[in-house]
Amino acid sequence: MTMPEQRVGSAADLGPGSVAGAGPWVVLNVDGERFALSRRCRHLRADLANGSIDEEGCLVCPWHQSRYDPHNGRMTVGPQGNYARVPGLDAFYIALTKVVPLRRAEVIERDGDVFVRS
């Protein structure tokens, strides 16, 4: 049985430091290694394809700067800004992603294009 694939873009456009969306996935390139995670932040469902990669190689949510480890999909830092002042909120979302991390998928490169295989 063949697993469905979603084209992300050309390999040239998805170099180190890039973040791109493809259907339900966000694909990021951390120092030449590509990862695919489910596209919506666990906090308020922000589109992680609009996020960035921090100096530790984590995917950063564009809305409240939650950070996700691309290796396992777990939140490493919870919501920041005004949300950081709500008692327990940060700990709640970090605990949630230990139980239910962002989904992961395989990223493959073929004929100069990058695909997510789920």
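A disulfide is a pair of cysteine sulfur atoms within 2.5 Å. The structure on screen is a predicted model, in which local features need pLDDT of at least 70, side-chain atom pairs count only at pLDDT 80 or more, and totals for chains, interfaces and linings use all residues. Residues are numbered from 1 along each chain as its sequence is written, and side-chain values use heavy atoms, with hydrogens and water left out.

Start with the cysteines. Under the 2.5 Å rule there are zero disulfides. Select C41: its closest cysteine sulfur belongs to C61, at 3.8 Å, which is too far for a bond. Next, select C58, whose nearest cysteine sulfur, that of C41, is 13 Å away. C58 is also buried, at 9% relative accessibility.

Move to the sheet. Strands here are DSSP runs of E, at least two residues, and helices are runs of H or I, at least four, numbered from the N terminus; two strands pair if DSSP finds at least two bridges between them. The open sheet has four strands in the order β5-β6-β7-β8, paired antiparallel. Select β5 (52–53) and β8 (75–77): each is an edge strand with a single partner, so one side of each has no neighbour in the sheet. Then show β7 (residues 67–68), which is joined to β8 by two antiparallel bridges. Y68 has M75 of β8 as its bridge partner.

Last, select N82, in the loop between β8 and α1. N82 is exposed, at 57% relative accessible area. A C-alpha distance from N82 to S38 gives 25 Å, across 44 residues of chain.

How values were computed: Buried < 20%, exposed > 50% of the residue type's maximum accessible area, 1.4 Å probe, protein only.
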